[in-house]
Amino acid sequence: MQINGGKLVVATPDPFNHEAIADVQRVTNLKVSPIVSSKTDVARFIREFFGFHHSISAAENLFSQRGVDLGNLERFVKLGNMDEPPATDQHIVNAVDHLFSYAFDQKASDIHIEPKRDICLVRMRIDGALHTVYKLPKKLHNAVVSRIKNLSALDMAEKRRPQDGRIKMLKKDQEVEIRVSTIPVAFGEKVVMRIMDPEILLQDLESLGFTPADLKKYKKLITMPFGIVLVTGPTGSGKSTTLYSSLRMLSSPEVNITTIEDPIEMIHEEFNQIGVQPAIDVTFGSVLRNIMRQDPDIIMVGEIRDLETAQAAVQAALTGHLVLSTLHTNDAVSTVFRLLDLGIPPYLIHSALAGVVAQRLVRKICPHCVQPFEMDRRELADLGLFVPGDGPLKLKHGKGCMKCRNTGYSGRAGIYEILAYTRGVKQLTTRNSNLGDMRKAAREQGLIPLRENGIEKMLKGQTTYQEILRVTWEQA
Ligand SMILES: [Zn+2]
């Protein structure tokens, strides 16, 4: 709603509802000029304003009567024996519920609740970047945190030590796990909640973003009877999604899938999942050696970090198991070198490694505000994105709209680079092999590098050149 030249502009899905419009005119004493808007958008705003903002201001009014800023004067509050806003207060309960449903709506991966000097900042990580979504009155911070601690069965009284907990929640009909972490910072307790959404972690391989040719190659790798398939990339590059989605594709009543994770990211009934506990010596390596007696067919190891785990993975592969795991390397070819560095001899890599996938996540252009534009090929080449041919390129970007919070992006997709560890590349894996030579051999065998895969997505109008540069900067 806004007032424009003495007229009240009202968004409505039904501009011909004269009765309702007459009611609004009577109440506001303004001439109404209706504009059409979708029902879901109007409903969202009503929820937001009358649900969330109403809860927040009602809670604020209630507690401001006590006259003390509880956030800044914690000790005073205790001395004065003054009640904190109770976490069970219905307004607080509603406000926290709203935060969760807003996060689900926006497909946020994390919710941060941060105490600042004068406010409580709520930020959400959406498509990989943090966005400030709310600034709440500071006096409500403790109540909101208490509500979350209550939901995740944490010790409400403990405010000086970090704590970890979990919340199970239903999103539509699906169970979503929320991992809660609290830590004391300068102005109070900071809460970060990670949303483990099965819709994101378990997808069809087809929807992850592989090109048709790469998908075929990848499926061939993960359907081999034995061998190691490694997925690499930095934190947050979607490795878990690739692994979980692959395991789901492979799962059937005829195979035993066992996972060793740190920690278990998401419970999936069809897998046998083991969480490592380094404190009692339950590590990737030790579990991997022990589960051989559990007759597994397919094993997923969260990460290969050390020689012990690498050796156990090689052993498992050589005794007829398919092993999926991750490694921290930037690209597919250097992963082979990482294995050599860890101390695996070349002849074992030859016989155990099936292939490597390097990946990154790029944000997809928002379908609601996508726009074409032209860009000079040379300008792009100067930035490091080379597209053969001449003449200007027709690219796309999002101009920003309400649906994408003016970012121009909505959702993410993977870009990949697949190294099938075939003979040409194998021959070059020796104690004194050379990264450049191996890259060249890999390309000859059909490896399409990450950046080129990204350029292909950009040319198809799925993402922007900025995104490709952002996620493949180290490959320039
Ligand atoms: Zn948009």
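Reply: Start with Val-9, which stands opposite Ser-33 in S3. The model is predicted, so local features need pLDDT of at least 70 and side-chain atom pairs count only at pLDDT 80 or more, while totals for chains, interfaces and linings use all residues. Residues are numbered from 1 along each chain as its sequence is written, and side-chain values use heavy atoms, with hydrogens and water left out.

The strands around this pair are S2, residues 7–12, and S3; they run parallel and share 6 bridges. Strands here are DSSP runs of E, at least two residues long, and helices are runs of H or I, at least four; both are numbered from the N terminus. Two strands pair if DSSP finds at least two bridges between them.

S2 and S3 belong to an open sheet of 3 strands, in the order S1-S2-S3, with mixed pairing. S1 (2–4) and S3 (31–36) are the edge strands; each has a single partner strand, so one side of each is left without a neighbour in the sheet. From one strand to the next, the twist averages 35°. In a regular strand, side chains alternate between the two faces of the sheet.

Helix H1, residues 18–28, lies across S2 and S3. H1 runs at about 140° to S3. Such angles run from 0 to 180 degrees between N-to-C directions, with axes fitted to C-alpha atoms, for helices over the stretch in contact. Contact means heavy atoms within 4.5 Å.

The loop between H1 and S3 holds Asn-29. Asn-29 has a positive phi of about 65°, although it is not a glycine. Most residues other than glycine have a negative phi, and most peptide bonds are trans. Asn-29 counts as exposed because its relative accessibility is 71%. Exposed means over 50% relative accessible area, buried under 20%, partly exposed in between, using a 1.4 Å probe and protein chains only.

Asn-406 sits in the loop between S17 (393–398) and S18 (409–420). Its relative accessibility is 59%, so Asn-406 is also exposed. There is a cis peptide bond too, from Asp-262 to Pro-263, with omega near -10°. Pro-263 lies in the loop between S11 (257–261) and S12 (272–275).

Now to other strand pairs. S4 (108–115) and S5 (119–126) run antiparallel, joined by 7 bridges. They form a hairpin with 3 residues between them. Within this pairing, the bridge partner of Asp-110 is Arg-125 in S5. S5 also runs antiparallel to S6 (129–137), through 8 bridges. There, Val-122 has Tyr-134 in S6 as its bridge partner. S5 and S6 form a hairpin with 2 residues between them, and Asp-127 in the turn has a positive phi of about 50°.

The buried residues of H5 include His-141, Arg-147 and Lys-149, along with Val-144, Val-145 and Ile-148. Just after H5, Ala-153 takes a positive phi of about 55°.

Ala-312 lies in helix H10, residues 307–318. At 8% relative accessibility, Ala-312 counts as buried. Leaving aside residues up to four places away in sequence, Ala-312 touches Gly-285, Leu-288 and Arg-289. Asn-432 is 120 residues from Ala-312 in sequence, and 24 Å away in space, C-alpha to C-alpha.

Last, the whole. The protein has 17 helices and 18 strands. Its C-alpha atoms fill a box of roughly 80 × 65 × 40 Å along the principal axes. Of its 476 residues, 48% are buried. Among contacts between residues at least 6 apart in sequence, 64% join residues at least 24 apart. The protein exposes about 24,100 Å², and carbon and sulfur atoms supply 52% of that; accessible areas come from the Shrake-Rupley method with a 1.4 Å probe, and for residues only the protein chains shown count as cover.
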